[in-house]
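Work through the exercises below with the sequence and the structure at hand. Try each task before reading its solution.

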Amino acid sequence: MAAAIEAFSVHGYNGVSLKTVNDQLGVSRNLLYQRFGSKAKLWRAAVDWAFRSLLEYLEGADDEAADPMIRLRMLIRNFIEYSATRPYLARIVTVEGAVRTERTEYLYRSYIKPVQSHFMPVFEQLREQGRIKNIPTEIFYFLLTSGGSAPFGQIGLVSLMVPELGSADDKQVRVYAENVAEVLLNGLSLPDLGPGDRPGNS
């Protein structure tokens, strides 16, 4: 699965064949065909393997009892730190998101919408508390996923611009994730208001 998702994320669906992945694994030419039957089924199995783990990680690391602003910061940091060691996540969404296909729709329904659903309740809480601007969550999503995780899918460029980040060193990734969270939260946050200025008060 790791070899398949890496191939699809780098070369795109049309640039990959069962033979390509078989050769990369050094196995019989018929192995993947016998196991999956088609490239389309291999693609779906690889995407399920890659993105199901992301959803499980986000669910396991989420603290619903935390202050919503702290919770949002942690969700941002968790997403980025998980993506740092799995560059295929950002790349496959970029590749498949370029044109609307059945694969794009499958990826969106099965994994992108569920990822968004982790953030939606937190946004609603913060809006009700008058702590963030009324910015569409879709803007936040693209800034986080296409912007925040971009370095991990663009290793060639990162090696020229910030080589230390390309090593996926835990400390470097944590600093980067905290900086992304700071930028996003500063952009969302409203000035801290006194009790008399909260929504619902006149």
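A residue is buried under 20% relative accessible area, exposed over 50% and partly exposed in between, using a 1.4 Å probe and protein chains only. The model is predicted, so local features need pLDDT of at least 70 and side-chain atom pairs count only at pLDDT 80 or more, while totals for chains, interfaces and linings use all residues. Residues are numbered from 1 along each chain as its sequence is written, and side-chain values use heavy atoms, with hydrogens and water left out.

**Exercise 1.** Decide whether Leu190 is buried, exposed or partly exposed, and list what it touches.

Solution. Start with the place of Leu190, which is in the segment after α12 (170-188). Helices here are DSSP runs of H or I with at least four residues, strands are runs of E with at least two, and both are numbered from the N terminus. Next, take the relative accessible area of Leu190, 37%; Leu190 is therefore partly exposed. For the neighbours, contact means heavy atoms within 4.5 Å. Not counting residues up to four places away in sequence, Leu190 touches Gly130, Arg131, Ile132 and Lys133. As a distance check, Phe152 is 38 residues from Leu190 along the chain, and their C-alpha atoms are separated by 30 Å.

**Exercise 2.** Classify Arg77 in the same way and find its contacts.

Solution. Arg77 is in helix α5 (residues 68-84). Its relative accessibility is 15%, so Arg77 counts as buried. With neighbours within four places in sequence left aside, Arg77 is in contact with Arg174, Ala177 and Glu178.

**Exercise 3.** Describe how α1 packs against α2.

Solution. Axes are lines fitted to C-alpha atoms, for helices over the stretch in contact, and angles run from 0 to 180 degrees between N-to-C directions. Helix α1 (residues 2-11) and helix α2 (residues 18-25) have axes 10 Å apart, at an angle of about 130 degrees. Angles under 35 degrees count as roughly parallel, over 145 as roughly antiparallel, 65 to 115 as roughly perpendicular and the rest as oblique. α1 and α2 are therefore oblique to each other. A crossing is left-handed if the near helix is turned anticlockwise from the far one by less than a right angle, and right-handed if clockwise. α1 passes α2 in a right-handed crossing. On the α1 side, Ala3, Ala4 and Ala7 meet Val21, Gln24 and Leu25 of α2. By class, this contact of α1 with α2 has five nonpolar, one polar and no charged residues. Ala, Val, Leu, Ile, Met, Phe, Trp, Tyr, Cys and Pro count as nonpolar, Asp, Glu, Lys and Arg as charged, and the others, Gly among them, as polar.

**Exercise 4.** Which residues in α1 are buried, and what covers them?

Solution. The buried residues in α1 are Ala3, Ala4, Ile5, Ala7, Phe8 and Ser9. Their cover includes α2, α4 (39-61) and α6. Just after α1, Gly12 takes a positive phi of about 80 degrees.

**Exercise 5.** How many helices and strands does the protein chain have, and what share of its residues is buried?

Solution. The protein chain has 12 helices and zero strands. Of its 202 residues, 41% count as buried.
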